[in-house]
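Please look over the sequence and the model before reading on.

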Amino acid sequence: QVQLVESGGGLVQAGGSLRLSCAASGRTFSTYAMGWFRQVPGKEREDVASIIWSGGRPYYADSVKGRFIISRDNAKNTVYLQMNSLKPEGTAVYYCNAAPNGGSWLPSWGQGTQVTVSS
């Protein structure tokens, strides 16, 4: 069973930066695609960015393209989300998830990490 623990959230002014981390358990982390998602109360969870097992072919939602960077360190079983030029609409709880062997995202989610961007 893969367990995911997000960290790195906080309060930041608009235009600022944060780096989120997601530590994953499991000896086969390097075979997982990893993704970042976010959710605002009352709204659907939306995808933000994802990355395949090798670190290539990153995907970004249009709303974050050019400002966010997803990366991973397979030796540390960790995926990162560098968030630059943050906007108030980026305020949300951010979650990570894993897709073992490139399949579907896991049905269970971690506790997430709160990101609040003040204007």
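Is Arg-38 buried or exposed? Arg-38 is buried, because its relative accessible area is 8%, where buried stands for under 20% relative accessible area, exposed for over 50% and partly exposed for the range in between, computed with a 1.4 Å probe on protein chains only. The model is a predicted one, in which local features need pLDDT of at least 70 and side-chain atom pairs count only at pLDDT 80 or more, whereas totals for chains, interfaces and linings use all residues. Residues are numbered from 1 along each chain as its sequence is written, and side-chain values use heavy atoms, with hydrogens and water left out.

Arg-38 belongs to strand 4, residues 33-39, strands being DSSP runs of E with at least two residues, numbered from the N terminus. The side chain of Arg-38 makes a polar contact with that of Ser-63 at 3.3 Å and another with that of Tyr-94 at 3.0 Å; such a contact is a pair of N or O atoms within 3.5 Å, of which, within protein, one must be able to donate a hydrogen and the other to accept it, and residues adjacent in sequence count only if both atoms are side-chain atoms.

Arg-19, in strand 3 (residues 18-24), counts as partly exposed because its relative accessibility is 48%. Beyond its neighbours within four places in sequence, Arg-19 is in contact (heavy atoms within 4.5 Å) with Ser-7, Gly-8, Tyr-80, Leu-81 and Gln-82.

| Residue | Relative accessible area | Class |
|---|---|---|
| Arg-19 | 48% | partly exposed |
| Arg-38 | 8% | buried |
| Cys-22 | 0% | buried |
| Cys-96 | 0% | buried |

A disulfide, that is, a pair of cysteine sulfur atoms within 2.5 Å, joins Cys-22 to Cys-96 with an S to S distance of 1.9 Å. Cys-22 lies in strand 3 and Cys-96 in strand 9 (residues 92-99), so the pair ties together parts that are 74 residues apart in sequence. The link of Cys-22 and Cys-96 is right-handed, with 55° about the S-S bond.

Strand 7 pairs with strand 8 (residues 78-83) in the antiparallel sense over six bridges, and Ile-69 has Gln-82 in strand 8 as its bridge partner.

How values were computed
Helix = DSSP H or I, 4+ residues; strand = E, 2+ residues; numbered from the N terminus. Pairing = 2+ DSSP bridges.
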